[in-house]
Amino acid sequence: MKPFKGRDLITIRDFSVEEVGAILDKAAEIKKNPGSYKKALDGRTLAMIFEKPSLRTRVTFETGMTQLHGHAIYISPSDAGLGRRESVADVARNLERWVDGIMARVFAHKTVEDLAAHARVPVINGLSDDFHPVQALSDMLTIREAAGGWKGFKLAYVGDGNNVTHSLLFAAARTGLAVSVATPAGYEPRADIVAWAVEAGRATGCVVDVSNDIARAVKGAHFIYTDVWASMGQESEAEKRKKIFAPFQVNEKVMKMAGTDPWFLHCLPAHRGDEVTDEVADSSRSLIFDQAENRLHLQKAVMVLLMGD
């Protein structure tokens with residue numbers, strides 16, 4: 001296992017099975033004993049670059065740095081102007097002189113890669129159009145808390161094969177959680193990502209299945225996960241997608257199709273009445289706010305490992 005200090009978190013596949021386990025164990029430890037880490041990042045500063053707005057990402061990273069006795073600086077789209085006002089490389093070279101780490105929530109995944117390539121401080125992918133690693137890792141923490149582990153359990157993802165789906169496939173392959181994906185035709189996760197997860201999953205016992213059949217995906221699932229049908233940047237497609245994705249709504253009927261009394265997961269924000277009904281989102285089997293809370297603990301662990309002593 002490589003040392004964590006100074007590394008970037010761009011995608012989950014950049015970390016080994018053991019390293020993913022270590023990140024999740026650290027998150028659980030910090031969640032249980034937050035006081036032991038109250039000065040873990042004393043005097044450190046995190047620059048937070050936002051091209052996309054967010055409630056959870058901004059609050060959890062900023063709160064996390066505060067709780068670790070560090071400081072976070074919010075950089076709005078107009079402040080950074082990545083690739084427009086200033087090149088990504090120049091932004092990275094400036095920030096590395098002032099701060100101890102960079103978190104970026106952006107559109108193009110290449111932006112995160114370019115920041116990492118040109119900054120000598122750790123870069124954390126807070127979300128890109130292709131991947132959402134901190135979310136998927138937080139989800140693995142939530143699943144382990146609910147089920148006691150990953151192996152022997154199945155996650156069914158229903159909806160758009162988007163950045164969350166991609167990172168869940170990487171995370172499942174690293175933890176041994178079985179994952180089944182059901183999307184409308186033409187909205188499947190990227191074939192190269194599925195192929196990587198299938199291959200990497202052989203080492204952990206992760207079984208991957210991708211289809212356009214919701215019944216096939218949720219059968220026997222212990223967790224059913226969904227996300228918005230149109231992500232940020234896809235607003236012009238929202239009405240078209242609403243019609244195409246309507247049969248993939250997670251409702252009580254779909255939850256019962258699993259035959260396992262499954263838990264419900266959603267990365268939020270939720271468009272209630274579209275991808276999920278209120279009955280499911282607010283049920284006793286819903287873990288959506290546990291997921292949101294665990295963003296804080298997981299990201300604190302990532303920052304401590306990458307930016308700490």
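Let's start with aspartate 90: in this predicted model, it counts as partly exposed, because its relative accessibility is 33%. Its partner is arginine 93, and the two side chains meet in a salt bridge, with N to O at 3.4 Å. Arginine 93 is partly exposed too, at 41% relative accessibility. Why can these two reach each other? They sit three residues apart in helix 4, which runs over residues 88–98, so about one helical turn separates them. As a general point, side chains of opposite charge can pair when their charged atoms come close.

Now move along to helix 5, residues 109–118. Here lysine 110 and aspartate 114 are four residues apart, again about one helical turn. Their side chains form a salt bridge of 2.8 Å, N to O. Is lysine 110 buried or exposed? It is exposed, with a relative accessible area of 52%.

Last stop, the second largest pocket, with a volume of about 190 Å³. Twelve residues line this pocket, and the closest to its centre are Asp129, Asp160, Asn162, Asn163 and Gln234. By type, the lining divides into seven polar, four charged and one nonpolar. Thanks, everyone!

Conventions. Residues are numbered from 1 along each chain as its sequence is written. This is a predicted model: local features need pLDDT of at least 70, side-chain atom pairs count only at pLDDT 80 or more; totals for chains, interfaces and linings use all residues. Side-chain values use heavy atoms; hydrogens and water are left out. On a 1 Å grid over the protein atoms alone, a cavity is a set of points where a 1.4 Å probe fits but cannot get out, and a pocket is an open set with protein on both sides within 12 Å along at least five of seven lines; lining residues have an atom within 4 Å of a point. Grid points are joined across faces, edges and corners, and a volume is the space filled by probe spheres set on the points. Ala, Val, Leu, Ile, Met, Phe, Trp, Tyr, Cys and Pro count as nonpolar, Asp, Glu, Lys and Arg as charged, and the others, Gly among them, as polar. A salt bridge is a side-chain nitrogen of Lys or Arg within 4 Å of a carboxyl oxygen of Asp or Glu. Helices (H or I, at least four residues) and strands (E, at least two) are DSSP runs, numbered from the N terminus. Buried means under 20% relative accessible area, exposed over 50%, partly exposed in between (1.4 Å probe, protein chains only).
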